[in-house]
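Here's a quick briefing to read alongside the coordinates. It starts with the pocket and its ligand, then moves on to the core and a couple of individual residues.

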Amino acid sequence: MAGSTTIVESNYVPVPRSTGSEPCRTNPDAFFPEDYNDTKELRAAKQACGGCNLKEWCLLWGLANATGLAKNGVIGGTTPKERKAFDKRLHQRLSEEEIARRFKRQYEALTRKGLAQ
Ligand code: SF4
C-alpha cells in the first residue's frame, strides 16, 4: 500500500547513541521550531546537524522512522516534511521488506565505516 506503511521503530537502524554533547542535546528547543518553513532558526538547526558526529546515523534513523518516532523535529538535517516525503516515495516504489533490507544494508555500511555502532 503506497505511502501509508509506518515503520514505528526500526530495529535495523538503532537510535543513534548520543554522547549528550550533540547540538540537539545542548539546545533541544532549536530543533523543534514553531515554523518549519525556511526560517533563520530552521537553517541554523540544519546547519548544526551538518557539523554533528552522528549526522549520517541520525539521518538514516530519521528516515527509517519518518512516520513514527522521528515524525517531529529537525533530525539529521531534515525536517519532518522532508522525511515524510522521502518515506512516501520509498513506499511508492518498494515493498516494506525491501525497504527494511535497504535500511539494514545502509546501517551496516555505516557501522563498517565507524559512523554507527
Ligand atoms: S544530526 Fe541528529 S544527533 Fe546530530 S544534532 Fe542533528 S538531530 Fe542531533
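This is a predicted model: local features need pLDDT of at least 70, side-chain atom pairs count only at pLDDT 80 or more; totals for chains, interfaces and linings use all residues.

A pocket here is an open set of points on a 1 Å grid over the protein atoms alone, with protein on both sides within 12 Å along at least five of seven lines.

**The largest pocket**
- There are 23 residues lining this pocket, and C24, R25, C58, V74 and I75 are the closest to its centre.
- Sorted by class, the lining has 16 nonpolar residues, four polar ones and three charged ones.
- Helix 1 and helix 3 each put at least two residues into that lining.

**The ligand and its shell**
- Where does the ligand sit? You'll find the ligand in the largest pocket.
- The residues around the ligand are E22, P23, C24, C49, C52, K55, C58, V74, I75 and G76.
- Seven of the shell residues are nonpolar, one is polar and two are charged.
- Helix 1, covering 23-26, and helix 3, covering 55-64, each provide at least two residues of this shell.

**I75, up close**
- I75 belongs to the ligand's surroundings, and I75 is also among the residues closest to the centre of the largest pocket.
- I75 lies in the loop that runs between helix 3 and helix 4 (80-93).
- Is I75 buried or exposed? With a relative accessible area of 11%, I75 falls under the 20% limit, so it counts as buried.
- K55, another residue around the ligand, is 20 residues from I75 in sequence, and their C-alpha atoms are 8.4 Å apart.

**The largest nonpolar core**
- This core has 20 residues, and the ones touching the most other members are V13, W57, L60, F103 and Y107.
- Helix 3 and helix 5 (96-112) are the elements that give two or more residues to the core.
- Which element has the largest share of this core? That would be helix 3, with six residues.

**Q47, for contrast**
- Q47 is part of helix 2, which spans residues 40-50.
- Q47 has a relative accessible area of 63%, over the 50% limit, so it counts as exposed.
- Q47 and A109 are 62 residues apart along the chain, with 24 Å between their C-alpha atoms.

Definitions and conventions: Residues are numbered from 1 along each chain as its sequence is written. Side-chain values use heavy atoms; hydrogens and water are left out. A residue is near a molecule or strand if one of its heavy atoms lies within 4 Å of it. On a 1 Å grid over the protein atoms alone, a cavity is a set of points where a 1.4 Å probe fits but cannot get out, and a pocket is an open set with protein on both sides within 12 Å along at least five of seven lines; lining residues have an atom within 4 Å of a point. A molecule sits in a cavity or pocket if more than half of its atoms lie within 2 Å of its grid points. Helices (H or I, at least four residues) and strands (E, at least two) are DSSP runs, numbered from the N terminus. Ala, Val, Leu, Ile, Met, Phe, Trp, Tyr, Cys and Pro count as nonpolar, Asp, Glu, Lys and Arg as charged, and the others, Gly among them, as polar. A nonpolar core is a set of buried Ala, Val, Leu, Ile, Met, Phe, Trp, Tyr and Cys residues joined through side-chain atoms within 4.5 Å. Buried means under 20% relative accessible area, exposed over 50%, partly exposed in between (1.4 Å probe, protein chains only).
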